[in-house]
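This briefing is written to be read alongside the sequence and the model.

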Amino acid sequence: MKNKKNNRKIRDRDPQKAREMAQYENPIPSRELILEVMAEIGVPIKKNDLVSVLEIQEEELIFFEKRIRAMSREGQILINRKDVLCIATKLSLIAGRIQGHPDGFGFLIPDNKEDKDVFLSPREMSKVFNNDRAMIQVTGEDRKGRLEGTIIEVLERANNIIVGRVVQGNGVTIVAAEDKRINQDILIPYNLDLNAEEGQVVEVEITTQPSIREKPMGKIIKILGSYADSGIEIEIALRKHHLPYEFSKEAMNQANQYGSEIDPKEIAGRIDLRQLSLITIDGETARDFDDAVYAEPSKDGWRLIVAIADVSAYVKKGSNLDEEALERGNSVYFPRRVIPMLPESLSNGLCSLNPNVDRLCMVCDMNISDLGKVTSYTFYPSVMQSKARLTYTIADEILNKQNEELKVKYQHIYENLENLHSIFKLLFSQRKKRGALEFDSTETSIIFDANGKIDHIKPIYRNEAHRIIEECMLAANVCSAEFLQEKEVDALFRNHETPSEEKLETLRGFLIEFGLFLDGGNSPTVKHYGQLIKQISSRPDAHLLQTVVLRSMQQAVYSNQNKGHFGLAYESYTHFTSPIRRYPDLIVHRAIKAKIQKKKLKIKDIERLGEHCSGTERRADDATRDVESWLKCYFMQDKIGEIYEGTVSGVTGFGLFVELDGIFIEGLLHVTELGNDYFTFEKSKHAMVGERTHLSYRLGDRLKVKVVRVDMETSKIDLSLMNVNNGKSKKIKSRKDTNHFSKNKRGRKRK
């Protein structure tokens, strides 16, 4: 009896008892308590003995075992073959995710961000695939001073289905993975190859995962086609990057149940804005219209209404539709194809703010002073009707090019458009005062031929209509962030932190060679950066300098903690304006709506949610980059031998990336092509420098090159340098050029 009382006391001192009771009707010991008790015991313990110590009841046993298995999967404990439990940290084991390299080696990226990455030799990588989770033991340091380890246990297999290319020989079918971070070829038994032919792209189900004793094996479950097929590049990217691209029947049924028109019952309790001349302004190819805008003069300045599709009215928290939207995290915009976050009946239908139909929306209604400052705002659910769907080109033609024909056609919304133009000028003046960063950039659009291949690539230049919408969206996003902070509501912020000390040191070391300096010490403000950009904007090497400045920045991420947005010069910022295509915006909508309706909304694992959404954004970027690279390689196949002028757009230890004039395509100029010398990569100078000749090739240099090879398998274009003579190469006279930064597919810069 005494022992039972002591055990009950153990359960009572659970540091997360309140959390467990809030989440579960019959709470069991938390992970924290399990680890604490195991540490007190001091030696590895059998699972049944731990059950006894923690006084786990029979009805609790199944839930306790699930928790133990989850702790094992996440690397908190190790369970050996005799069902003995060990604390991973006591064994000096590190859990994390495997990151492979095309050359065969890899790294373990630890779950604990404070731990260093651990190098894994090709022999260790033969046990796993890229993105698997594993437990490793550090065995020492390699010659480069990197931690080196050995894999103790594979915690999770991330690759059950792999997309690859068939290589056939000697009666055995082999599939080489399209993801070059997976270095092992997959063996296919002759009766499981679906008679796939050499060179075809296939889906393989892995039947035997790699290990130290066994090579990976699988069976072909689908033949996707060949490299020449239209759209094959997207089919490869979807599977290579594990992008969800098919909705479940349950999710589709939930989306379709709403029909094509809003339920009149949903209008009750909403503010009716259908009489206002709200309009949408988007790109020519856009089909999912998240936002509509309206402006009018007021006694204290201006009233600006930003109406955003009320996706939360249809995508209910915890539903199948919600779970699939969360898994996707965002829509993915490929050339000629979109993988939407929501089924098309919602994304292009009932949620999209199409013209002349009633739509449910969430509104940020702002008062703006004559100085361009938001003096007050309010959020409310509404019903609206867009009075026109404009493109950026049409809006610019009306406002700045005085197109009389379009003025007549859109006379019913002309006054609203003029008012929006006036507000934009005020908001933009405040943007300049804040010092928000402005980089010169040229976006590009891929134009396809009838066979679905690239015909040409053309530049797209942002006009004032783009800026009007951008400023309206920024204003609404800032109001959303302020609301969340003021009301202390759980949601996700969009953070862009200040540059790291290491990147600042590298940047300053580079700038000093050009007689430039970045003020602000270890904590430069956005205004310091703005002053620097202003100094370099008129220089002939502005392209080079702006690129280096941009690369000194951190990447924007989602987090439940507000850390401000450095680039936009905001103390707090979030995403509110695109819930059709971004899950964080949907979270923000739910949070704001719950607060104004005086309801409680608790978001579980909000910190992990932010990490997940940041990850799906990077995944989408990687996938679209792969598709564009593949298409560009296909376009360049018949250009071998042609000569181009171009600009050095990247410098690495193995050579230079050169962007070719007129076609906006990059190729690699390998270090061995630079001349009769040994060239060393000087990272701080963004340059390759010859040891004997001291000849240097820097970011932004102008070169004349020839296309010598196009490899479709690796999506690489190889170049050779023209006019090389005894280590001296002729560079082209430098010119001011514009940089080509990434964009989202709606034609707006991602903030």
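The side chains of Arg582 and Asp585 are joined by a polar contact of 2.9 Å, a polar contact being a pair of N or O atoms within 3.5 Å in which, within protein, one must be able to donate a hydrogen and the other to accept it, and residues adjacent in sequence count only if both atoms are side-chain atoms. The model is predicted, so local features need pLDDT of at least 70 and side-chain atom pairs count only at pLDDT 80 or more, while totals for chains, interfaces and linings use all residues. Residues are numbered from 1 along each chain as its sequence is written, and side-chain values use heavy atoms, with hydrogens and water left out.

- Arg582 lies in the loop between β26 (557–559) and α18 (583–596), where helices (H or I, at least four residues) and strands (E, at least two) are DSSP runs numbered from the N terminus.
- With 13% relative accessibility, Arg582 counts as buried; buried means under 20% relative accessible area, exposed over 50%, and partly exposed in between, with a 1.4 Å probe and protein chains only.
- Not counting residues up to four places away in sequence, Arg582 touches Gly329, Asn330, Met341, Tyr558, His575 and Thr577, contact meaning heavy atoms within 4.5 Å.
- Ser319 sits in the loop between β17 (301–309) and α9 (320–328); Ser319 is buried, with a relative accessible area of 15%, and the side chain of Ser319 reaches the backbone oxygen of Lys316 at 2.7 Å.

**Ile186 in strand β11**

- Ile186 belongs to strand β11 (residues 186–188) and is buried, with a relative accessible area of 0%.
- Leaving aside neighbours within four places in sequence, the contacts of Ile186 are Ile162, Thr173, Ile174, Val175, Val204, Ile206, Pro216, Met217 and Gly218.
- Gly164 is 22 residues from Ile186 in sequence, and the two are 9.0 Å apart in space, C-alpha to C-alpha.

**The barrel**

- Five strands close into a barrel in the order β27-β28-β29-β34-β33, with mixed pairing; two strands pair if DSSP finds at least two bridges between them.
- From one strand to the next, the twist averages 50 degrees.
- Strand β27 (residues 643–652) pairs with strand β33 (residues 702–711) in the antiparallel sense over five bridges, and Gly646 has Leu703 as its bridge partner in β33.
- Strand β33 is also joined to strand β34 (residues 716–721) by six bridges, and these two run antiparallel, with Val707 standing opposite Leu719 in β34.
- The hairpin of β33 and β34 has four residues between the strands, and in this hairpin Ser715 takes a positive phi near 55 degrees.
- Strand β29 (residues 665–670) and β34, by contrast, pair in the parallel sense over two bridges, and the bridge partner of Leu668 in β34 is Asp718.

**The open sheet**

- Three strands form an open sheet in the order β30-β31-β32, with antiparallel pairing, and its edge strands, each pairing on one side only, are β30 (679–682) and β32 (696–698).
- Direction ignored, neighbouring strands of this sheet are turned by 20 degrees against each other on average.
- Strand β31 (residues 687–690) and β32 pair in the antiparallel sense over three bridges, and Ala687 has Arg698 as its bridge partner in β32.

**Helices**

- The axes of helix α14 (residues 464–487) and α18 come within 11 Å and cross at roughly 50 degrees, where axes are lines fitted to C-alpha atoms, for helices over the stretch in contact, and angles run from 0 to 180 degrees between N-to-C directions.
- Helices α14 and α18 are therefore oblique to each other, since angles under 35 degrees count as roughly parallel, over 145 as roughly antiparallel, 65 to 115 as roughly perpendicular and the rest as oblique.
- This contact is made by Ser480, Phe483, Leu484 and Lys487 of α14 and by Val588, Ala591, Ile592, Lys595 and Ile596 of α18.
- Helix α11 (residues 392–399) packs against helix α13 (residues 414–434) at an angle of about 90 degrees, with their axes 11 Å apart, and α11 and α13 are therefore roughly perpendicular to each other.
- Where α11 and α13 meet, Ala395, Ile398 and Leu399 in α11 face Tyr414, Leu417, Glu418 and His421 in α13.
- Helix α7 (residues 232–240) is mostly covered, with eight of its nine residues buried, and α7 is followed by His242, whose phi is positive, near 55 degrees.
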